[in-house]
Amino acid sequence: MIQQGEIKIILDNVSESETLRLREIIHILIANGSLNLRNGNVIISFDNNSQVMKIQHDFIKWSRKHNT
């Protein structure tokens, strides 16, 4: 059974609106598996308002070197 987890991050000198923005970004990264990627890269694109617009995963699906 999958249980709910909790991550606590303490941010000093950060406004409530910035904290909420960062919370949303972290949630998006976790929800789409960006933080579970192995052998790859994640590119996060932001708009002029600092909102996430696109997340791109670049990873190796298969390689003889990695499957020996």
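Is arginine 64 buried or exposed in this structure? Arginine 64 is exposed, with a relative accessible area of 62%, where buried means under 20% relative accessible area, exposed over 50%, and partly exposed in between, with a 1.4 Å probe and protein chains only. The model is predicted, so that local features need pLDDT of at least 70 and side-chain atom pairs count only at pLDDT 80 or more, whereas totals for chains, interfaces and linings use all residues. Residues are numbered from 1 along each chain as its sequence is written, and side-chain values use heavy atoms, with hydrogens and water left out.

- Helix 1 covers residues 16-31, helices being DSSP runs of H or I with at least four residues and strands runs of E with at least two, numbered from the N terminus.
- The 16 residues of helix 1 should span 22 Å at 1.5 Å a residue, and this agrees with its end C-alpha atoms, which are 22 Å apart; the expected span is 1.5 Å times one less than the number of residues.
- Just after helix 1, glycine 33 takes a positive phi of about 80°.
- The loop between helix 1 and strand 1 holds asparagine 39, which has a positive phi near 55° and is partly exposed, with a relative accessible area of 48%.

**The strand hairpin**

- Strand 1 (residues 40-46) and strand 2 (residues 52-59) run antiparallel and are joined by seven bridges, two strands being counted as paired if DSSP finds at least two bridges between them.
- Five residues lie between the two strands of this hairpin, and in the turn serine 50 has a positive phi of about 65°.
- Across the pair, valine 42 has histidine 57 as its bridge partner in strand 2, while isoleucine 44 stands opposite isoleucine 55.
- Asparagine 41, in strand 1, is partly exposed at a relative accessible area of 47%.
- Beyond its neighbours within four places in sequence, asparagine 41 is in contact (heavy atoms within 4.5 Å) with Gln56, His57 and Asp58.
- The C-alpha atoms of asparagine 41 and aspartate 58 are separated by 5.1 Å, although the two residues are 17 residues apart along the chain.

**After strand 2**

**The largest pocket**

- The largest pocket holds about 390 Å³ of space, a volume being the space filled by probe spheres set on grid points that are joined across faces, edges and corners.
- A pocket is an open set of points, on a 1 Å grid over the protein atoms alone, where a 1.4 Å probe fits, with protein on both sides within 12 Å along at least five of seven lines, and lining residues have an atom within 4 Å of a point.
- Its lining consists of Ile7, Lys8, Ile9, Leu11, Thr19, Leu22, Arg23, Ile26, His27 and Ile30.
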